[in-house]
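Please keep the sequence and the three-dimensional view at hand while reading.

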Amino acid sequence: MKQTHSDSRRSVYFEGLRDGFPIGLGYFAVSFSLGIAARNAGLTVTQGLLSSLLCNASAGEYALFTLIGSGAACVEIALATLIINARYLLMSCALSQRMSPDMPFYHRFFIGFDVTDELFGITIARPGCVERYFYGAMTASIPMWAAGTALGIFMGNLLPARIVSALSVALYGMFLAIIVPPAKENRVVLGCVLSAFAASAAFAFLPVLRDLSSGNRTIIL
């Protein structure tokens with residue numbers, strides 16, 4: 001009986017590893033452009049690698065590197081990163097409802113460490129408890145995110161700007177891959193997606209709303 005339970009948990013872990021691998025490939029492409037931004041801010045390959053290992057967030061890291069390059073104070077950097085990444089607090093609250101009640105704190109801590117838009121999307125859509133599945137997805141995605149940043153710093157500005165710009169589109173492609181399948185199957189989800197698109201466009205073009213920071217706009221939306 002114990003062996004069967006262990007095999008089941010291992011199977012769930014490898015399922016997360018499988019689903020997290022294509023996300024990791026997308027992360028590698030996106031973090032490559034972040035690596036170029038990090039190099040322009042004066043970071044070394046090792047510093048960029050550690051930054052991405054400790055902060056797996058595209059918008060948050062871009063703000064981090066930009067502020068470092070501008071010579072901002074540590075308090076300003078920490079506050080800006082907190083505001084931009086605050087949406088992950090909402091995702092963590094949702095994921096916490098899917099965790100086993102007797103899950104130890106350290107498991108909750110490590111899962112909360114790497115809540116990203118894409119990993120949240122594939123995990124919240126899966127039935128049952130999430131911890132083993134999420135660990136598998138993390139194992140596939142975190143190394144690729146960090147490696148992409150390090151490689152971007154190493155390559156610097158050798159690549160043409162058009163190629164770097166094209167690589168940054170990969171993140172939006174992953175978003176579409178997450179929302180399109182359920183939207184095709186459920187009209188309620190489709191309505192929510194279309195409403196979110198419309199609201200996002202309003203926040204991008206309407207006065208006052210468009211002046212909000214990207215992190216605050218994401219939280220409100």
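## Overall fold

Among contacts in the protein chain between residues at least 6 apart in sequence, 76% join residues at least 24 apart; a contact means heavy atoms within 4.5 Å. The model is predicted, so local features need pLDDT of at least 70 and side-chain atom pairs count only at pLDDT 80 or more, whereas totals for chains, interfaces and linings use all residues. Residues are numbered from 1 along each chain as its sequence is written, and side-chain values use heavy atoms, with hydrogens and water left out.

- The protein chain has 12 helices and zero strands; helices (H or I, at least four residues) and strands (E, at least two) are DSSP runs, numbered from the N terminus.
- Read along the sequence, the chain therefore follows the pattern α-α-α-α-α-α-α-α-α-α-α-α.
- Of the 221 residues of the protein chain, 38% count as buried; buried means under 20% relative accessible area, exposed over 50%, and partly exposed in between (1.4 Å probe, protein chains only).
- The accessible surface of the protein chain comes to about 12,700 Å², and 69% of this surface belongs to carbon and sulfur atoms. Accessible areas come from the Shrake-Rupley method with a 1.4 Å probe, and for residues only the protein chains shown count as cover.

## Nonpolar core

- The largest nonpolar core has 32 residues, of which Val-115, Leu-119 and Phe-134 touch the most other members. A nonpolar core is a set of buried Ala, Val, Leu, Ile, Met, Phe, Trp, Tyr and Cys residues joined through side-chain atoms within 4.5 Å.
- At least two residues of this core are supplied by each of helix H1 (2-40), helix H3 (58-69), helix H5 (87-96), helix H7 (117-124) and helix H8 (131-155).
- Helix H8 gives the largest share of this core, eight residues.
- Not counting residues up to four places away in sequence, Phe-134 touches Leu-95, Ile-111, Asp-114, Val-115, Leu-119 and Thr-123.

## Aromatic pairs

- A search of the whole structure finds four aromatic pairs. Rings of Phe, Tyr and Trp (its six-membered ring) pair if their centres lie within 6.5 Å; planes under 30 degrees apart count as stacked, over 60 as edge-to-face and the rest as tilted.
- The pair of Phe-105 and Phe-109 is tilted, because the ring centres are 6.1 Å apart and the planes stand at 45°.
- Both Phe-105 and Phe-109 lie in helix H6 (residues 105-113), four residues apart, about one turn of the helix.
- Phe-109 and Phe-110 form an edge-to-face pair, with 5.5 Å from centre to centre and 80° between the planes.
- Together, Phe-105, Phe-109 and Phe-110 form one aromatic cluster.
- Phe-105 is exposed, with a relative accessible area of 63%, whereas Phe-110 is partly exposed at 42%.

## Salt bridges

- The structure holds three salt bridges; a salt bridge is a side-chain nitrogen of Lys or Arg within 4 Å of a carboxyl oxygen of Asp or Glu.
- Arg-126 forms a salt bridge with Glu-15, and the closest N and O atoms are 3.3 Å apart. This pair links distant parts of the chain, with Arg-126 in the loop between H7 and H8 and Glu-15 in helix H1, 111 residues apart.
- Arg-126 is buried, with a relative accessible area of 17%, while Glu-15 is partly exposed at 26%.
- In the salt bridge of Arg-87 and Asp-117, the N to O distance is 3.2 Å. This pair also links distant parts of the chain: Arg-87 lies in helix H5 and Asp-117 in helix H7, 30 residues apart.
- Both Arg-87 and Asp-117 are buried.
- Asp-19 forms a salt bridge with Arg-18, the closest N and O atoms being 2.9 Å apart. Asp-19 is partly exposed at 23% relative accessibility, and Arg-18 is exposed at 54%.

- A search of the whole structure finds zero disulfides, a disulfide being a pair of cysteine sulfur atoms within 2.5 Å.
- Cys-74 is exposed, with a relative accessible area of 67%, and Cys-192 is partly exposed, with 49%.
- Most residues other than glycine have a negative phi. Val-208 has a positive phi of about 70° although it is not a glycine.
- Val-208 lies in the loop between helix H11 (187-205) and helix H12 (214-220), and Val-208 counts as exposed at 62% relative accessibility.
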